[in-house]
Amino acid sequence: MASTPRIVIIGAGIVGTNLADELVTRGWNNITVLDQGPLNMPGGSTSHAPGLVFQTNPSKTMASLAKYTVEKLLSLTEDGENCFNQVGGLEVATTETRLADLKRKLGYASSWGIEGKLLSPAECKELYPLLNEDGILGGLYVPSDGLASAARAVQLLIKRTEQSGVEYRGNTTVTGIEQSGGRVVGVQTPEGVIPADIVVSCAGFWGAKIGAMIGMSVPLLPLAHQYVKTTAVPDLKGRNELPNGAKLPILRYQDQDLYYREHGERYGIGSYAHRPMPVNVDDLGTFAPDAVNEHNMPSRLDFTVEDFLPAWEASKQLLPGLADSEIEDGFNGIFSFTPDGGPLVGESKELDGFFVAEAVWVTHSAGVAKAMAELLTTGKSETDLGECDITRFEEVQLTPSYVSETSQQNFVEIYDVLHPLQPRLSPRNLRVSPFHARHKELGAFFLESGGWERPYWFEANAGLLKEMPTDWLPPARDAWAQMFSSPIAAAEAWKTRTAVAMYDMTPLKRLEVSGPGAQKLLQELTTADLSKKPGAVTYTLVLDHAGGVRSDITVARLDEQTFQLGANGNIDLAYFTRAARHQTEGGSATDWVQVRDTTGGTCCIGLWGPLARDLVSSISDDDFSNEGLRYFRSKNAVIGGVPVTAMRLSYVGELGWELYTSADNGQRLWDVLWKAGQAFGVIAAGRAAFSSLRLEKGYRSWGTDMTTEHDPYEAGLGFAVKMTKESFVGKDALEGRTEEGSSRRLRCLTIDDGRSIVLGKEPVFYKDSAVGYVTSAAYGYTVHKPIAYAYLPAVVSVGDAVEIEYFGRRISATVTADPLYDPQMTRLRG
């Protein structure tokens, strides 16, 4: 057998052992797994995890990872017994808000291919006879959920992979990471250095300490979470043959932050209802290998009974049979939480060959391991990992104070019903554009993303609702869709279409790629031909090797050796930075290239609308005519005494420019445009109007409308691919593919009743079968009807009738040709 790269996996828990197994399955054979604890009881989160697996999640990625985990554990057997007890999962609602959320959650299940069913109170009682039916309004039942035997799975995986040559070293502490020439080369232990070409840290809540060894921020916070086992419960007597057996569904009582499982005749109860309890791993001390057992391990802290007492009373209300039982054993078990609640997966931007798979719970463990193994062996995970990518965080989000506060907030809110646009209350105002003071004066309603304060609408525009034509007024929304929304957005859309509006585009990630090798780098990493003269602006895609869309960007050539990229976030920054480093280090002087994040030092105003040219021409001597600056061209100019780079492009489908200047000139640019714009009816407009206008024009949003799971033709972006170019990443994979030959397509849907608004991720039904899901959705103020985009099978054509399920209600819609607005592009090119 040919030798494969030398892999060292740090951590022999449920993630590390699954990863070793997934790599062996793919033919890799040079693998060492280290753990600081004994292999039979490593002492991390896996060793005490109660094992409940609820697969349904608002995130398609997380649901996919959970589904694979269930499949893997069902297939992992010894002596006829697998590692997953598929008892099903039941979530009960005791409030109308929760009941509505369960309807929405069933929609997620349908979207992601998970079977589920809403139950009446009587059906909940029939399924789970020990429930107190009083106060139960309904439930969600997923028959494929259940209990993972995580500790047993680890032992079986160790046994199986050892037979395939994997070496395990227990009681081995990692003391450092060896590196040379920007690559990992080994792992330091007290017994010496273990050579490595690739290191994967699966160290769980110790992950931040491992990351610190290479200067890498791993933004996770270890937090204690309470779990108890009761004394024998009379109602459970005789139900289970095994001491740890279970036959009832796993149960979630999220209105009280509680979950339940059987342990033979006893109940196991987990609670998130207590205060956050952050843990400093340096305070955990050391454990002698022979002293680690079920009740004594690093991840199991002393039980604080006073924190659990309210949860115990709530449990006895839900399960009256607990009245004759007591708490027999309890502990505060350590788990990892992150600023956004997602796992941390991928390669370090600091050191090539150093990967992490941290903050991964048992629910997603095998799925993450499979994704990581695919990433290592083929360069791409079948499941999109954008929501899990370790490089997704902005620098301000990696500070210890931010990680601590937001991770604790995620603990508190873990079972809360949260709106997709729900903003953090704290920390806020971390990053503000130079226009922030003016936005506040205009009554901006801010939401937060990536640490940026982003105006969604402006109360100063409320009076426009009385001025605009009545057919622009949007229909009344239901209570859920109305949250974090305002009809003022309609007025802002109207003024954008009929006059001129100023949009703050500052939070858009901007990268500068410069040097003699800049063009070479960008030509290889993007699908368009960028060998154009300075002044050209190009919309292009960034693909992975399999042809999946890893980003879409705009590239402006500012001069022969300098390009400005409008990117999607820090994942793009890490990707381009790594590629630039490899090209520079492996090439000649003419290959030298550098990548800089210029977002914080610059700002941008999107000036759009039919009167945009009149406005800007009134305060600039530069030529902004169609001949002076054509569509998708850029040039330097002076507007009201402020030097800018003007790029003629628009995400709202109207004439105008993105106007860039340095941050110190930002407020002055806003002020001169605002003052001159009064004669033309200028307004400030926010993200709510922007999102609607974007969808009317059919513009895609990466991460929502397309990911690495989609190719350009499925996403309707084939126009951005130049297959005649000599080479680019992903080109080989696209050979022979066409939009017409795609098995699925991103389609535009219009809502038949003209008033029902959906928000995204809802299942789409065709001939009564769930065939796809909504990506983006908004009310189209110009077209006077709600719009949704959805991936649908190719057999579904323009004109076909479909249904969208929203909170359990089917909404009729029609597949419609896109774009809905100005398909001839006359508004943009004039």
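Colleague: What makes the strands from β8 to β20 an open sheet, and in which order do they stand?

Modeller: The order of the 9 strands is β8-β9-β7-β17-β18-β19-β16-β21-β20, with mixed pairing. The sheet is open: its edge strands, β8 (117-119) and β20 (300-301), each pair on one side only. This is a predicted model, in which local features need pLDDT of at least 70 and side-chain atom pairs count only at pLDDT 80 or more, while totals for chains, interfaces and linings use all residues. Residues are numbered from 1 along each chain as its sequence is written, and side-chain values use heavy atoms, with hydrogens and water left out.

Colleague: How do you know that β17 and β18 pair?

Modeller: Two strands pair if DSSP finds at least two bridges between them. Strands β17 (residues 250-253) and β18 (residues 258-263) are joined by 3 bridges, so they meet this rule, and they run antiparallel. Y253 stands opposite L258 in β18. Strands are DSSP runs of E with at least two residues, helices runs of H or I with at least four, and both are numbered from the N terminus.

Colleague: Why is the pair of F205 and W206 called tilted?

Modeller: Rings of Phe, Tyr and Trp (its six-membered ring) pair if their centres lie within 6.5 Å; planes under 30 degrees apart are stacked, over 60 edge-to-face, and the rest tilted. F205 and W206 are 4.2 Å apart centre to centre with 35 degrees between the planes, so the pair qualifies and falls in the remaining class. Both F205 and W206 are buried.

Colleague: What makes the pair of F337 and F411 edge-to-face?

Modeller: Their centres are 5.4 Å apart and their planes 65 degrees, so the pair passes the edge-to-face limit. F337 lies in strand β21 and F411 in helix α10, so this pair ties together parts that are 74 residues apart in sequence. Both F337 and F411 are buried. They also belong to a cluster linked by ring pairs, including Y227, W361 and Y415.

Key: Buried < 20%, exposed > 50% of the residue type's maximum accessible area, 1.4 Å probe, protein only.
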